[in-house]
Amino acid sequence: MKLKRILSAVAAFALCASLAGCGASASSVAESTAESASTEAVSTVEEEASPETSAETTALRVAGLKGPTTMGLVNMLTADDAADLVDFNMYGAADEVVPLLVKGDIDAAAVPANLAATLYQKTNGAVEVACVNTLGVLYIVENGETVNSVADLKGQTLVTTGKGTTPEYVLRYVLSENGIDPDNDVTIEYCSEATEALSKVQAGEATIAMLPQPFVTSALSQVEGLRVALDMNEEWQKVAGSKLVTGVLVVRKDAVEADADRFAAFMDAYQASVDAANTDLEGTAALCEEYGIVAKAALAQKALPQCNIVFETGDQMKTDLTTYYQVLFDADPTSVGGSMPADDFYYAG
C-alpha cells in the first residue's frame, strides 16, 4: 500500500521537542494544537466546486493527524486487503488537511470533532461525520493529594492550554455545572502548550494542571509525585449525561455516494482496527511508532488505555456529538462553524 508520510508539522509541534531535558515528544500535544488551529485553517480555504471522485480510485483516500484521533486506524493499514480499502496519508497539522478535504483531494480524515462541524458549515453540507473515533483525552493531574473531586478545585490555581478553544470550553462547562464560577472561584492560567503548563508544575509554580493524552502518560513517568486527580470524561458525563468527544472521522458525501459498498467495507475494517487497538496494545503501539503517530511505542502502549479509542456510530454518535457541540456553541458559536450541524451531518449508514 502506498503510504506517504507527510510530517511537515507546524512550529507549535516542534516546540515540544523536550521536557526539561527528558525528551517529551511533539506528538504528545498534537490534539490540543490541532483543535486550536482548526477554525483558522478552515477560514483560509476558498469555497469552490468539488470534483467528482475519480472512477480510477478504488481505495478511500484517508488523512490522519498525529495523536489519538489516528490511533484507531493503524491496524487496518497492515490488513491483507488494506490496499483495496484505504490509501492513508498522515499530516502534522489540521491546516494541511482542511484544503485537501474541501477540494476533494482526499475523501475522509480523522480530525478533532469541532473541526468536522466547521467543515460541514464551510462546505455547505458536503461532508458528514461517519463515526466518533476518540472520546475525551483530557485529565487533571496534581502534584499533591488535595484534589479528589471537582469541588476541590475551588480556590485553587490550575494551569492548562487551549485558551479560546475546546479545552477551555470543556473545563468551564464542568466547573460551572458543579457550581464553581470559572472566573471567580478558581484561577485558570493558560499556557501556549502542554510542556509549558507542566514546567510550571515541575518548578512548583503550580500544583494542578489539565493536560491531554498521551502527554499525561509521558508526564507521569517524568515528574515524581504527579498523579491523575480527575478524569474529565467521567466529570463531563456526570453533568452532561453523554460522553465527552475529542475526535471523529469526517467524510465527503460524494465519496460515500460514489461507492456505498466500498465505504461500508471500509467502516467494517475500521471497526475491526479499533477493536484491535483496544485489545492488542503492544502491536498497536508498535504501529503507532512505525507510522509516526506517536514518537515511541513504549509511550503509546502505556497511553492507549487512557486515550479512549472507540468506534461509535448511529444514535449514540449523534447524541454525544449534539451535546458536545451545544456546549461549544453556547461558549462560542464560531467553534462549530457558526451554527449547530443539521441532521444530514450525521452518517446513517
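Asp 183 is exposed, at 53% relative accessibility. Exposed here means over 50% relative accessible area, buried under 20%, and partly exposed in between (1.4 Å probe, protein chains only). The model is predicted: local features need pLDDT of at least 70, side-chain atom pairs count only at pLDDT 80 or more, and totals for chains, interfaces and linings use all residues. Residues are numbered from 1 along each chain as its sequence is written, and side-chain values use heavy atoms, with hydrogens and water left out.

Asp 183 forms a salt bridge with Arg 172, with 3.0 Å between the closest N and O atoms. Asp 183 sits in the loop between helix H7 (166-177) and strand E8 (187-191), and Arg 172 in helix H7, so the pair ties together parts 11 residues apart in sequence. Helices (H or I, at least four residues) and strands (E, at least two) are DSSP runs, numbered from the N terminus. Arg 172 is partly exposed, at 25%.

A salt bridge is a side-chain nitrogen of Lys or Arg within 4 Å of a carboxyl oxygen of Asp or Glu. By this rule the count is 11.

Another pair is Glu 312 and Lys 243, whose side chains meet at 3.6 Å, N to O. This pair links distant parts of the chain, 69 residues apart. Glu 312 belongs to strand E12 (residues 309-312), and Lys 243 to the loop between helix H10 (232-240) and strand E11 (245-252). Glu 312 is buried at 7%. Lys 243 is partly exposed at 29%.

Lys 163 also bridges to Glu 168, with the closest N and O atoms 3.6 Å apart. Lys 163 is exposed, at 56%. Glu 168 is buried, at 8%.

Finally, salt bridges link Glu 142, Glu 145 and Arg 227 in a network.
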